[in-house]
Amino acid sequence: MSADFRDRDVISITDFSREEILYICEAGRKMYEMERAGKRNALRDALKHRTLSYMFYEPSTRTRTSFNTGMRELGGRYDGFSGTEGTSVMKNETVRDTVTMMCANHNDVIVMRHPLDGSLQWAADVANIPVINGGDGKNEHPTQALLDMLTIYVLKGGKLDGLRVGFGGDLSHGRTVRSLSLALSHFEGITIRWAAEDFLGMPADLAKLLAAQGVRVERDRSVRDVMAQVDFYYMTRPQLERMPGVTQKDIVGMMKQYRIDLGKVEGFDARLLHPLPVNSEIAEIDYRVYFTPAQAFFAQAEFGIFHRKALLHEMLGHEGYRRYSGELPAELGVGNNRLQRKIHGAKQSGMFIDKIHDGTVIDHLGVGALRAVDEALDLETRGYSCTTAVISEKPTPFIKTNLRDLSERDLKRIALISPEPTIDSIRDGRMTEKFVYLLCANGNCISRTVNEDVPPRFYDDGGAIRCRYCRRPYTITHRKVTEEERRAYLGSLPKKIETVAYPD
Ligand code: CP
């Protein structure tokens, strides 16, 4: 087995092949064997003079400390922040600037957790050093999936094919079920069974994706039904922090028949995994289960150290380091989200009401969105003209202004209120450009934030448009965009997520 992890970003489990998963599991198993043999510090000089920066915008016990432990046992150091209190994030510093500072601070690798989906791809774009995703919103937690795979790999004696895995708790709002099931999908004969409240159940898009990869996905009526048919039962915590408007009481009610208690593990051979923490109020695992042979989640947590130690060793265990130049790659300032439209001669610069000689027409706004867009742009206070219009000849409202170039922040503010606006640039009485401004539709994607200045970028994933950051599919719904224009746009996109080249 061979795989190259040297200086590689770890953003999504989908970036790993079967061979790479097996390779990193085997590397983790060697760390586990070393520990069992009493050789914890056998590699104590491997990462001497290397430093890990941890940037945790959200709480963590295991992920942060196990990376630190891995670094310490390999002779490296770690530094960073856990929670934004006491950092300049409190002074509105962006992710871009904070990540850049960690590069300027002569770190060798960043491990980051952030509440926004896609924030880790953005951090990887910004950083000139490798970045590891410690959890981005409800998107991904790839090293959790890899440590889960390592746990199973060791407990099953090096076998990952033919596994039967049950999922319970919250399959919908967490990132671990998504990442682990996608990792499992690389292997042969995988069956996933689940039993959960509808609201917390397996997301339809994930079930479809898994089925397309040849995974058998079955929903059972009860936890005991699942438990009877699996090798591992993977319980998860209801992610209340990602369920606006839902109370703990609501969740306790939903979890009633799905909590793991003694009656659900006794008489079965399934080993119980959990990424942890367990929520002590909901108690999705009764504490008495902790003392049964089913319990394997504390060993699983220690496998987190073996996996992360192996990963860091593979990534950084070589001579040399990345020098910092102080320059930023141009791509960080430019999106690829402007779908160019054909300019038809007849309506040049006119648009039904007073013509403008130089400026911009913001067209095809949503019905009822005019006032909100007008207020968000605040053009008159900024010293520009602003004519808003709803006229009987046109079903959608529009705005004309003598502001020539709307900033990216202006465009994003418009698209957040009214998706897919058409922007017409008027110069010397002629329309010189006409484009539709596309913005990822995932409400929690970092590319939708205004102040982070993340340029919206998409890629062509085999004919489907996907957001570069959160990787959600994007569907163009603009009623005026022609098939030819859509195809031309698709053709202009990269075919995959290409690495941003950083000046040395
Ligand atoms: N499993 C996990 O990610 O735990 P922490 O939130 O404590 O890092």
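Buried here means under 20% relative accessible area. The model shown in these close-ups is predicted.

**View 1. Helix α4 is largely enclosed by the rest of the structure.** The helix spans residues 119–126. Eight of its eight residues are buried. They are Ser119, Leu120, Gln121, Trp122, Ala123, Ala124, Asp125 and Val126. The cover over these buried residues includes α3 (95–104). Strands β3 (109–114) and β4 (131–136) are also among the covering elements.

**View 2. Helices α5 and α11 cross at roughly 110°.** Helix α5 covers residues 142–155, and helix α11 covers residues 297–316. Their axes come within 8 Å. Angles of 65 to 115 degrees count as roughly perpendicular, and α5 and α11 are therefore roughly perpendicular to each other. The crossing is right-handed. From α5, the contact is made by Thr143, Gln144, Leu146, Leu147, Asp148, Leu150, Thr151 and Val154. From α11, Gln300, Phe303, Gly304, Phe306, His307, Arg308 and Leu311 take part. By type, the residues of this contact divide into seven nonpolar, six polar and two charged.

**View 3. Aspartate 286 is buried in the loop between β9 and α11.** Strand β9 comprises residues 271–273. The relative accessible area of aspartate 286 is 8%, under the 20% limit, so this residue counts as buried. Leaving aside neighbours within four places in sequence, aspartate 286 is in contact with Arg259, Ile260 and Asp261. Leucine 262 lies 24 residues from aspartate 286 along the chain. The C-alpha atoms of these two residues are separated by 7.5 Å.

Key:
Residues numbered from 1 in each chain as written. Predicted model: local features only at pLDDT ≥ 70, side-chain atom pairs only at ≥ 80, totals over all residues. Heavy atoms only, no water. Axes fitted to C-alpha atoms, helices over the stretch in contact; angles between N-to-C directions. Helix = DSSP H or I, 4+ residues; strand = E, 2+ residues; numbered from the N terminus. Parallel < 35°, antiparallel > 145°, perpendicular 65-115°, else oblique. Left-handed = near helix turned anticlockwise from the far one by under 90°. Contact = heavy atoms within 4.5 Å. Nonpolar A, V, L, I, M, F, W, Y, C, P; charged D, E, K, R; others polar. Buried < 20%, exposed > 50% of the residue type's maximum accessible area, 1.4 Å probe, protein only.
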